Amino acid sequence: MNLRLGTYQSLEAMNATCIDYEHTIQEWIIGCLQECTNKPFLRESLLQYLEIINRMANNTASIEERLEIRDIIATSQETMEGCRLLVSNFHHVKWHTTYDFWQELAQALQQAGYTIISQPSKEDITNTTHYESYKKDYTSKNDYGIYFKVVDGLVLYIWNGTNEDWLYWGGRKQDIQESYSQKSAIT
């Protein structure tokens with residue numbers, strides 16, 4: 001850990017200790033919950049905060065589920081090696097799965113007679129699969145998708161979003177208006 005401690009040179013010299021969300025802060029919140037049973041607003045706020053911490057720390061599985069996973073993994077050396085390989089390469093697996101999805105979608109659209117105008121780049125896929133959503137510029141680097149032209153000239157999209165709608169589709173208002181104004185000019 002790279003801490004700037006100035007003249008103290010160590011946490012012990014500062015009479016300080018490192019704390020983390022997964023243990024120290026969670027335990028503190030649980031202690032606070034015991035003290036605020038008659039304050040429902042505060043209690044609910046602390047419970048919501050605890051839930052956020054659990055999701056951040058990936059602590060949403062029950063003890064029984066964790067033990068079952070452990071038992072399955074421990075059935076053989078081969079299973080343990082396979083799990084280790086999966087965990088250490090998960091972002092690569094995620095990259096190839098995401099890349100294949102967008103490639104196959106573009107191919108299916110082309111086979112259906114649509115013209116692909118643009119589709120995600122390899123850099124787009126890397127930004128989505130190798131970086132986490134809580135990072136500062138995640139939303140600006142993960143807004144991408146496929147633009148395709150419908151046979152009559154209307155441009156539609158299928159898009160990877162960064163809000164609650166992770167995958168959505170539609171048409172841009174200006175393209176729809178232009179398409180209809182062109183049609184009305186012809187008739």
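In E3, Phe 148 has Leu 156 as its bridge partner, and that pair sits in a sheet of four strands, open and ordered E1-E2-E3-E4 with antiparallel pairing. This is a predicted model, where local features need pLDDT of at least 70, side-chain atom pairs count only at pLDDT 80 or more, and totals for chains, interfaces and linings use all residues. Residues are numbered from 1 along each chain as its sequence is written, and side-chain values use heavy atoms, with hydrogens and water left out.

**The chain overall**

- The chain has nine helices and four strands; helices (H or I, at least four residues) and strands (E, at least two) are DSSP runs, numbered from the N terminus.
- Going along the sequence, you get the pattern α-α-α-α-α-α-β-α-α-β-β-β-α.
- Of the chain's 187 residues, 22% count as buried; buried means under 20% relative accessible area, exposed over 50%, and partly exposed in between, with a 1.4 Å probe and protein chains only.
- Take the contacts (heavy atoms within 4.5 Å) between residues at least 6 apart in sequence: 41% of them join residues at least 24 apart.

**The sheet, strand by strand**

- Strands of a sheet pair through backbone hydrogen bonds, either parallel or antiparallel.
- Here, two strands pair if DSSP finds at least two bridges between them.
- The edges are strand E1 (115-118) and strand E4 (167-171), each of which pairs on one side only.
- From one strand to the next, the twist averages 25°; axes are lines fitted to C-alpha atoms, for helices over the stretch in contact, and angles run from 0 to 180 degrees between N-to-C directions.
- E1 and strand E2 (residues 144-149) are antiparallel, paired over three bridges.
- On the E2 side of that pairing, Ile 116 has Phe 148 as its bridge partner, and Thr 115 has Lys 149.
- E2 and E3 also run antiparallel, joined by six bridges.
- Lys 149 turns up again here, standing opposite Val 155 in E3.
- E3 and E4 pair over five bridges, in the antiparallel sense, and Asn 160 has its E4 bridge partner in Leu 167.
- E3 is mostly covered, with five of its six residues buried.

**Gly 145 in E2**

- Gly 145 lies in strand E2 and is buried, with a relative accessible area of 5%.
- Gly 145 and Ile 158 are 13 residues apart in sequence, and their C-alpha atoms are 5.6 Å apart in space.
- Setting aside neighbours within four places in sequence, the contacts of Gly 145 are Trp 102, Ser 118, Gln 119, Pro 120, Ile 158, Trp 159 and Asn 160.

- H6 lies across E1, E2, strand E3 (155-160) and E4, and runs at about 10° to E2.
- Two packed helices are described by the angle between their axes and the distance between the axes.
- For helix H5 (residues 77-88) and helix H6 (residues 90-111), the axes come within 4 Å and cross at roughly 65°.
- That makes H5 roughly perpendicular to H6; angles under 35 degrees count as roughly parallel, over 145 as roughly antiparallel, 65 to 115 as roughly perpendicular and the rest as oblique.
- H5 brings Leu 86, Val 87 and Ser 88 to the contact, while H6 brings Phe 90, His 91 and Val 93.
- By class, the H5 contact with H6 has four nonpolar, two polar and no charged residues; Ala, Val, Leu, Ile, Met, Phe, Trp, Tyr, Cys and Pro count as nonpolar, Asp, Glu, Lys and Arg as charged, and the others, Gly among them, as polar.

- Helix H2 (residues 21-35) has 15 residues and should span 21 Å at 1.5 Å a residue, which agrees with its end C-alpha atoms being 20 Å apart; the expected span is 1.5 Å times one less than the number of residues.
- An α-helix has 3.6 residues a turn, so residues three or four places apart point the same way.
- The buried residues of H2 are Ile 25, Gln 26, Ile 29 and Leu 33, and what covers them includes helix H3 (40-56).
- Asn 54 lies in helix H3 and is buried, with a relative accessible area of 18%.
- Not counting residues up to four places away in sequence, Asn 54 touches Gln 26, Asn 59 and Thr 60.
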